[in-house]
Amino acid sequence: MERLGALAGSRRVYVLVLPLARLLLGAAALCAVVAAGIGGYWLSAGPERLERLWSPSTPAQELAQGVVDLPEMIVNLRPNSPSRLLKIGLSLAVAPAERARVDKAMPQLVDALQEFLRNLDQDDLEGSAGLYRLRTEIRRRFNLIAAEPNSNRDAVADVLLRSLLTQ
């Protein structure tokens with residue numbers, strides 16, 4: 001009987017110790033994953049960007065955006081597309097500090113936009129997903145042209161569709 005009482009007491013210890021041990025091991029694993037993620041980001045982005053990650057955000061006046069209107073364009077789509085023409089009007093949301101850079105790069109932006117749009121067909125513009133892909137690809141291309149070299153800030157914050165017509 002005494003032996004059974006001692007066994008029951010040791011089981012109570014296991015009931016308390018094992019969950020606590022699992023909790024501690026889980027916390028240690030979580031810390032290891034976070035440390036590995038921060039280390040990987042530091043290796044890929046560099047120490048300057050890691051410092052920016054922990055620094056306070058940019059002031060509100062820098063976040064305010066202006067709008068730059070591009071001229072409306074009419075371009076031919078791919079020859080095998082059911083629609084032949086695309087008429088598009090775009091506006092660019094840019095930070096005030098980047099406006100001069102975007103205005104200076106406007107001829108290159110218009111040229112890149114025409115080149116990109118001429119390689120589209122009607123299927124590329126189908127639905128909200130197609131319009132989202134169109135906007136993000138235009139934004140990516142514009143930022144490659146207009147953004148300051150060696151900077152992580154984008155010159156073009158967003159691409160806004162004023163009008164879009166296929167015929």
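**Salt bridges and surroundings**

Reply: Asp154 counts as partly exposed, at 39% relative accessibility, where partly exposed is the range between buried, under 20% relative accessible area, and exposed, over 50% (1.4 Å probe, protein chains only). This is a predicted model, in which local features need pLDDT of at least 70, side-chain atom pairs count only at pLDDT 80 or more, and totals for chains, interfaces and linings use all residues. Residues are numbered from 1 along each chain as its sequence is written, and side-chain values use heavy atoms, with hydrogens and water left out.

Me: Which residue forms a salt bridge with Asp154?

Reply: Asp154 pairs with Arg139, their closest N and O atoms being 3.0 Å apart; a salt bridge here is a side-chain nitrogen of Lys or Arg within 4 Å of a carboxyl oxygen of Asp or Glu. Asp154 sits in the loop between H6 and S4 and Arg139 in helix H6, 15 residues apart, with helices (H or I, at least four residues) and strands (E, at least two) taken as DSSP runs numbered from the N terminus. Arg139 is partly exposed as well, with a relative accessible area of 28%.

Me: OK, and where do Asp158 and Arg135 lie?

Reply: Their side chains meet in a salt bridge of 2.9 Å, N to O. Asp158 lies in strand S4 and Arg135 in helix H6 (residues 127-146), so this pair ties together parts that are 23 residues apart in sequence. Asp158 has a relative accessible area of 27%, and Arg135 has 25%.

Me: How many residues apart are Asp69 and Arg162?

Reply: The side chains of Asp69 and Arg162 form a salt bridge at 3.5 Å, N to O. That pair links strand S1 (residues 66-69) to strand S4 (residues 156-166), across 93 residues.

Me: How many salt bridges are there in the whole structure?

Reply: A search of the whole structure finds 10. Glu98, Arg101 and Glu148 are linked in a network of them.

Me: Is Glu98 buried or exposed?

Reply: Glu98 is buried, at 5% relative accessibility. Glu98 lies in the loop between strand S3 (85-94) and helix H4 (99-104), and, not counting residues up to four places away in sequence, touches Arg153, Asp154 and Ala155, a contact being heavy atoms within 4.5 Å.

Me: Switching to the whole chain, how many helices and strands?

Reply: The protein chain has six helices and four strands, running α-α-α-β-β-β-α-α-α-β from the N terminus on. Buried residues make up 25% of its 167 residues.
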